[in-house]
Amino acid sequence: MPDTRELTYDPADLWELTLDDLEALEVGAGILGTGGGGNPYQGKLLTREAMKAGHKMTILATDKIADDALCMSIGGIGAPVVGTERIREGREGLRCLQGMEELTGRKMDAIVCEEIGGANSMNPLVAAALGGLPVLDCDGMGRAFPEMQMTTFSIYGHSSTPSVMCDLHGNRVVFQHAVSEVFHERMARACVVAQGGAAMLATAPMPASFVRQNAIPMSYTKAIRLGRAVLDARRNGDDPVATVCALEGGRHVFTGKITDLKRHLRGGFAVGDLELGGFDGFQGQTASIAIQNEFLIFRREGEVEVTVPDLIIVLDVDTGYPITTEMLRYGQRIAVLAVPCHDLLRSARALEVVGPAAFGYPEIPFTPLAPMGQAA
Amino acid sequence: MYRVGIDVGGTNTDAVVLKGNEVLAGIKASTTEDVTSGVFEALEQVIAASGIDRARIGAVMIGTTHFTNAVIERRHLDPVAAIRLGLPSGAGLPPMVDWPEDIREMVGDHGYQVKGGYEFDGRVLSPLDEGEIRRIAGEIREKGIRAASVTGVFSGVNDAMELRTREILLEECPGLSVVLSRDIGRHGLLARESAAIMNASLLRLADKTVQAFGHALEQAGVKAPFFITQNDGTLMAADTVRAFPVLTFASGPTNSMRGAAFLTGLKEAIVVDVGGTTSDVGALSHGFPRQASTSVDIGGVRTNFRMPDVFSIGLGGGSLVKGTPESVVIGPQSVGYRVRQEALVFGGQTLTATDIAVATGKAEIGDAAALASLDPELVTAAATQMTEMFEACVERARISAEPVPVIAVGGGSVLMPDQIGDLQVIRPENFAVANAVGAAIAQISGETDRIFSLTDGVTRDSALAEAEAEARAQAVAAGAVAETIEVIEREDMPLAYLPGNATRIHVKVVGEMGALAEMEVENA
């Protein structure tokens, strides 16, 4: 279709990412993955290769784009363990973009990140760069969550269908209409198995005005800043845990050794419990973390202290590098950080979808780490 | 009959002679550039020290870091045609995409991507493009490349396309060395592919090195067969190393841990191998080192080898001790192997961790009088900190809450306190040559690690049984006596985000080597 659109932003406002930014993003996105979200390593490699081939990765602040600009959110779907063996082709996201433009008969203006935590931080960059679009400096989670309906876009009323799902073979599936966000997630999951266990999915475009109001702001800026601070701290021999706390307005809630670890699978999700014995400033204390792909509930001496959607971040005590739930093992020495989630995830409406009850803990109320309006 | 264990390290070549479970002698010699003369020298020394008849040596087991060092030092690497079967998957990430530039150039940067491969459940991803393989074979001939690696997507689920590719390559290029990824590594395409490529690039060095070992034995008049230890502390026949040199990559730390297990008779323990500059710490489980679960970097290349979960701290016999009692700093700088000249107790000018061990009365080496002017408070502070460093790493290596003993081996193990937290420290006899002992006692293994699809009547139990049968068959093919084989690792991990029909199964078995089992019969 002929490209008749007018630019909805000033190119002077674009922030072009460097290879250095990418390395920092890998670390920062890993930390914001709160134990899940998949490893951003391969996505980083793909992004790096695209950059070397001359594609520009650009980020645009959400207030620098016209209200009616069309923004399409994109993310990977499927089993991370499939992705480590059957690597993406690289243009799945671009095909989603083309598919969406054909489906709607309209050109997209910008790409939006669904989930800044983990591998999905990189996916929008590749798609946007190949399609010549910027990625907005925001995302739909501010962390990682296991399911599609858990974006702030879905929570605040955006219907994610019609959506376009593309695999590495070149197959394109359109979900024309889903009666609910949960139904959309359920159908997409069933379809991805037929596609070989992993695919890319783009949801129905949103006007920039909606994104500005309902997305977690400045996600790339923050993730890159966070990653760079950890890399610098490591290089300078500073305490990376304190660095992360200071930047994210978080609290260092525990340092301890994993004394027990139980895992099992429930409905396709990795579920488990982690027991900790404290040391350093936490000598003599015990704590635990409940896991479902991500870290969900932190308890000290059996008392709930931090719950999803606030971020529970687990770092290696010595390196400050994030530890994902599949990397956990007995004896690891970890620091647990609690970081307040964005206000958008704390409303009654959001807590129905991403609060403790939504993960099978109806008895646990959400006790926010910081009062509304003071979160990072 | 006797067993000889030799550990060929970067600096030292250690050798031991074992009779049954008894260590008759252990010596340290220097490693030489040509390998042969160092091994010959070590053999002669240990035969002399033990006073045995060399005709009665039943087997020689060699551990070597030669191939690891070649990759780290970027030496002796040959160009490789790196062929991947998997398009359209991975099109954006060609072979060697995450390698450091210098090593990628050294192996020629000949990456090829071809249609082929499988899905996680065994369905065909793309039919194999045989015409393209023949075209690549033509290029290999033209460029004069002598080694190739073939990596198929999900070749752990189905290896037919890798096998077919080798067949075509050999038709087109007779004499080409072809390495298949299914023989090398596990789940995780990029890391397995990198391992296969590295393996192919080391084949000629492997050939030369194995020959050098053979010559050393010949020169010494030792007619026994020799074996080489691999990452997991088990043995490969010399011919297997010719085909799979990368499987030796972490055999050094593995051998010292296995040696520690043998010297103490313990199967569950923490092992601390204290060298001159660093200490390697790992955990023994069932008498074998626990394996790492994350990817391991070799010379800057990510791999997924079966590596022991060993980590190093910068504390060894030669570690420098600096600062004041209030803020003492130990390591990571070290005088290394020069400790015997530079430490105060040996008449040198440098305060080292060894001096602190002597000052506190833990060790009796060198001249303690040389320490008379040391500030006792500094000695106490440094000793406390060393203990804390050992405590921290032992605590990190611990794999269960059960109290297990800590085994101290290596030349610098006098630094270790007698008690670490609630754990007892054991120093076995012959601790300094534990690595050569570990080589001498190595067993034979077999392993399966792949994804099983639980459909069409395949249950979790039947898949586990199938995996075990595969691993057993592998061990027998490698020379293990079937009756002695036992399972030492068995785990299955259902794949998250997929309905319950796919699971990753990992089974490992070990058994006694045929030649030795027969030897024991002969002894009886």
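Q: In this predicted model, at what angle do helices α1 and α7 of chain B pack, and how far apart are their axes?
A: In this predicted model, helix α1(B), residues 36-50, packs against helix α7(B), residues 203-219, at an angle of about 40 degrees, and the axes are 8 Å apart. That angle makes α1(B) oblique to α7(B).

Q: Is the crossing of α1(B) and α7(B) left-handed or right-handed?
A: The crossing of these two helices, α1(B) and α7(B), is right-handed.

Q: Which residues meet there, between α1(B) and α7(B)?
A: From α1(B) come Thr36(B), Val39(B), Phe40(B) and Leu43(B). In α7(B) they meet Ala212(B), Phe213(B), His215(B), Ala216(B) and Gln219(B).

Q: What else does α1(B) lie across?
A: Helix α1(B) lies across the strands β1 (2-8), β2 (12-19) and β3 of chain B, and its direction is at about 145 degrees to β3(B).

Q: What is the strand order in the open sheet of chain B?
A: The order is β3-β2-β1-β4-β9-β10 in chain B, an open sheet of 6 strands with mixed pairing. At the edges are β3 (22-30) and β10 (235-237) of chain B, each of which pairs on one side only. From one strand to the next, the twist averages 25 degrees.

Q: How many bridges join β9(B) to β10(B)?
A: Strand β9(B), residues 226-229, is joined to β10(B) by 3 bridges, and the two run antiparallel. Within this pair, Phe227(B) stands opposite Ala237(B). Helix α9(B), residues 251-264, also packs on the sheet, where it touches β1, β4 (57-64) and β9 of chain B; its direction makes about 130 degrees with that of β4(B).

Q: Changing topic: where is the cis peptide bond at Pro88(B)?
A: The bond from Leu87(B) to Pro88(B) is cis, with omega near 10 degrees. Pro88(B) is in the loop between β5 (81-87) and α3 (101-106) of chain B. A cis bond also joins Gly331(B) and Pro332(B), with omega about -5 degrees, and Pro332(B) belongs to strand β18(B), residues 327-334.

Q: What about phi at Asp109(B) and Phe154(B)?
A: Most residues other than glycine have a negative phi. Asp109(B), however, has a positive phi near 50 degrees, and Phe154(B) has one of about 55 degrees. Asp109(B) is in the loop between α3 and β6 (110-115) of chain B, whereas Phe154(B) is in the loop between β7 (147-152) and α5 (160-172) of chain B.

Q: Buried or exposed, and why, for Phe154(B)?
A: Phe154(B) counts as buried because it has 28 C-beta neighbours inside 10 Å. Asp109(B) has 16 such neighbours and therefore counts as partly exposed.

Q: Over to chain A: why is strand β8(A) described as largely enclosed?
A: Strand β8(A), residues 198-202, has 5 of its 5 residues buried, so it is largely enclosed by the rest of the structure. Ala198(A), Met200(A) and Ala202(A) point one way, and Ala199(A) and Leu201(A) point the other way.

Q: Which strands pair with β8(A)?
A: Strand β3(A), residues 70-78, runs antiparallel to β8(A) and is joined to it by 5 bridges; there, Ile74(A) has Ala202(A) as its bridge partner. Strand β6(A), residues 163-166, pairs with β8(A) in the antiparallel sense over 3 bridges, and Met165(A) stands opposite Leu201(A).

Q: And how many residues of helix α1(A) are buried?
A: In α1(A), 11 of the 14 residues are buried. The elements that cover them include α2 (41-52), α9 (219-236), α10 (240-248) and β16 (311-316) of chain A.

Terms used: Residues numbered from 1 in each chain as written. Chains lettered and ligands numbered in written order. Predicted model: local features only at pLDDT ≥ 70, side-chain atom pairs only at ≥ 80, totals over all residues. Buried ≥ 20, exposed ≤ 12 C-beta atoms within 10 Å, placed from the backbone. Helix = DSSP H or I, 4+ residues; strand = E, 2+ residues; numbered from the N terminus. Pairing = 2+ DSSP bridges. Contact = placed C-beta atoms within 7 Å. Axes fitted to C-alpha atoms, helices over the stretch in contact; angles between N-to-C directions. Parallel < 35°, antiparallel > 145°, perpendicular 65-115°, else oblique. Left-handed = near helix turned anticlockwise from the far one by under 90°.
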